[in-house]
Amino acid sequence: MSKRSEFLAGERPDDIAFFLHEDAVENLDALEDYAETVEDGVVLVLPGENGRNAFQKAAGTDPMELAQAAMGTDGTVESDLTGGVCPVAGDDPDADHTTRFVFAFAEEQNEEVGGLYAEGDVVHAYAVCNCGQRYSQKWVVGER
């Protein structure tokens, strides 16, 4: 089982997962030893702080600032973390709505918080589109 599969199954709650589109990073080959190659880029799964730092260095975006900016806009992030559907794509169909980055972390089940968190571990995913739109989606592990 890959690190990404383990992350998506809720088995790596202390790790960070992120997708980098091949056009969004100058030297994607430099990540080859650390990343899982996917159709349009790479996915990395790294321990918490190392993952946040690696994402910031590769994407040029602070992951917590991204999360804060994206959480106000619901969108669809692919369940395998390799892209998404920009929520403004229908408003501007001529723009490039390719997903540049996805940043994700998991939060363990917390019945005291209630709602989604009472149902199981929750994946929080934040995406950046080529058009500049930032959006997010969260889901209970195993329900997508």
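Guide: A disulfide is a pair of cysteine sulfur atoms within 2.5 Å. In general terms, a disulfide is a covalent bond between the sulfur atoms of two cysteines. The structure holds 0 disulfides. Cys 129 is in no disulfide; its nearest cysteine sulfur belongs to Cys 131, 3.5 Å away. Cys 131 is likewise in no disulfide, with the sulfur of Cys 129 as the nearest, at 3.5 Å.

This is a predicted model: local features need pLDDT of at least 70, side-chain atom pairs count only at pLDDT 80 or more, and totals for chains, interfaces and linings use all residues. Residues are numbered from 1 along each chain as its sequence is written, and side-chain values use heavy atoms, with hydrogens and water left out.

Now accessibility. Buried means under 20% relative accessible area, exposed over 50%, and partly exposed in between (1.4 Å probe, protein chains only). Cys 129 counts as buried because its relative accessibility is 2%. Cys 131 has 34%, so it counts as partly exposed.

Next, His 21. It sits in strand 1 (residues 15-21). Strands (E, at least two residues) and helices (H or I, at least four) are DSSP runs, numbered from the N terminus. His 21 is buried, because its relative accessibility is 9%. Beyond its neighbours within four places in sequence, His 21 is in contact (heavy atoms within 4.5 Å) with Asp 40, Gly 41, Thr 98, Thr 99 and Arg 100.

Last, Val 113. It lies in the loop between strand 6 (99-107) and helix 4 (116-119). Val 113 counts as exposed because its relative accessibility is 54%. Glu 6 is 107 residues from Val 113 along the chain, and their C-alpha atoms are separated by 24 Å.
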